[in-house]
Amino acid sequence: MEEPQIEEQNKLIDVAPALISVHPSQKSIAVTVGSDLRVFNLIDNSPVTLVDESNESFHKDSVRAIRYSASGKLFVSTGDDKLVKIWSAESWRCLNTICSEKRVTAVAISHDDSYVCYADKFGVVWVVELGGIKGVSLLSHYCSIITSLEFSPDGRYILSADRDFKIRVTVFPEEPLQGAHEIQSFCLGHTEFVTCIAFVSSPELTQSYLMSGSGDSTVRLWDITSGSLLDTCEVSTVAGHLESNETEQTQVTVTDLCAIPDSSLAAVAIQSFQGILLLSCDLSAHTLSITKVIQIPGESFIPTSISVSTSTLWMVSGASSGSNQPGYSRVRVISCIESEKSSILEDEQIPGGAKLLEKLQGKASIEESVMIAASEAVRTAMSSLLMKKQYSEEKREFRKRSRNDKKTIN
Amino acid sequence: MESETKPTFSKSTGLPRKRFYRARAHSNPLSDSHFPIPISPSHLDFSLHFPKFFGANNEEVSKKAEFADIGCGFGGLLISLATLFPDTLMIGMELRDKVTEYVKERILALRKSSSGGQYEKVSVVRTNSMKYIPNYFEKGQLSKMFFLFPDPHFKEKNHRRRVISVDLLDEYAYVLRAGGIIYTITDVEELGEWMRSCLEKHPMFESLTQDELDSDPVVELLCSATEEGQKVARNGGQTFRAVFRRIAYVS
């Protein structure tokens, strides 16, 4: 239906990274590659068949955000096809499909499972009740792509991070359908687009702090009540270290991060790094530091998305190919992530074993060349989407030439 | 070398001449900026804006800007406010490059020519206030915000470019302190209704009473102090005001 020329150009931006999300008590796990949503039941070790009464193919275009609710009862998937699908994470029936006006880039579920919030490419965050038909506007980041949405652990605030380096902390009101107008704070400090945010807390302290990853090669720690920046952790040195040809420090993007429950640790995935960083947060001193670097040997595995359940870290590396061929995804697991004895599991050792890999990866093993090509495509796609285009002075003047409304002086 | 022959300045008044700072009336607020934005309000270099008050030796910044004129145009309101409020720091924000240059030159020239130092507390910055207000001002920093004769963006599809909207009012409420005042005025009736309606809908703003409007000396400046306002008065046009107070959130 689309012109072949436009399709060629869109191909670059349309490459979508594979996403992974694991149930909070590891009852099931979901992976998306392009528009394909694959779920595996870890309780009875079997692939899940999704039931959607509305149509056969579920999502028609790349899925950009997935997550389980904190309770584990709901699952939501959404993306470029402008549909927000809310699933029961028990029966895997699609409970509700909401139509968004624009492509959706981020999603979050309130802790009591009553509201789903989703954000679009133009900076509007929408909210819909569980049984609702259409979303209403909750708040807006003026003309900025929203990259991440999170509720604070106590449910008081909703956080939205955008491409213009900002994180906004807004009070989530009693009546969200009237809009969220009371801004608590802005967490300002990143010098590039913010990609991911997550809360870290320890079981002793009641207070939790926010961590954020960005295209500026840092992970930062924040106090959301005041918006103050507590600490900044540079991660570019790690990636540079292990790539022998890199002499200068280039900026690397933090792809994903997740806090490990019942610890003050967080796992971080970086764009060019074949492995995971473990960051430790000292919650009384308010500092953040790299505590461990875990390299994945044997294959070029660069995680595009990570998710944690109790102490098992699940990672996926993959992408849709942007054309009619199916994309690929490769799943790896690190167990006991918070302890000294953390280990990267071999395929046979992972929960669900070969059956899980067949379901989530599409096949049991993936070629190295496919993985390398795809990780490069993901990197290009993300920077063309989120990096501001910098034109030189001459190029800007050239682009202005086509304007026909300039007055000449004298 | 010595002669101050800046061709764009009037020889008699020492002030910049507008015809050399011609600009289009509109600027696209949606396009990405290529001017520097402070990463956060604490990164804003006050010594650049108010050199008499903040030395380069990292002195304690005790005073902060309290008034912001959003879309300050050629600076008419700021100049009048500086006389009325000689002890208050104020900043004008303007998207258009040439117009910002004009205001900068005007302020510098006035600072040189006046003895009372009343223009030392006025400054201007080129920025997109629809995207970057929180980068310049901390929570509750401002006591007054001005939106004089904003671009009406007549077409319905362009209404989202309007500087007053319920969503943007969230951010303006954030930088205004409780009790702070937002002043809006326009000569376009539909826009006047729009702005009033947005402010009425927003849970953190309430309208000033007629008595409060009458006793506020700033209110009459809205029509008379700016070039735009003077033009409307000359043509015998009507103006539509909406002046509201920032209040604590009411659910």
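At what angle do the axes of helix H4 and helix H5 of chain B cross?

Author: The model is predicted, so local features need pLDDT of at least 70 and side-chain atom pairs count only at pLDDT 80 or more, while totals for chains, interfaces and linings use all residues. Residues are numbered from 1 along each chain as its sequence is written, chains are lettered from A and ligands numbered from 1 in the order in which they are written, and side-chain values use heavy atoms, with hydrogens and water left out.

The axes of H4(B), residues 129-136, and H5(B), residues 166-175, cross at roughly 25° and come within 10 Å. Helices here are DSSP runs of H or I with at least four residues, numbered from the N terminus. Axes are lines fitted to C-alpha atoms, for helices over the stretch in contact, and angles run from 0 to 180 degrees between N-to-C directions. The crossing angle therefore makes H4(B) roughly parallel to H5(B) (angles under 35 degrees count as such). The crossing is also left-handed, meaning that the near helix is turned anticlockwise from the far one by less than a right angle.

From H4(B), the residues B:Met130, B:Ile133 and B:Pro134 meet B:Leu168, B:Glu171, B:Tyr172 and B:Val175 of H5(B), where contact means heavy atoms within 4.5 Å. By class, this contact of H4(B) with H5(B) has six nonpolar residues, one charged residue and no polar ones. Ala, Val, Leu, Ile, Met, Phe, Trp, Tyr, Cys and Pro count as nonpolar, Asp, Glu, Lys and Arg as charged, and the others, Gly among them, as polar.

How values were computed:
Helix = DSSP H or I, 4+ residues; strand = E, 2+ residues; numbered from the N terminus. Parallel < 35°, antiparallel > 145°, perpendicular 65-115°, else oblique.
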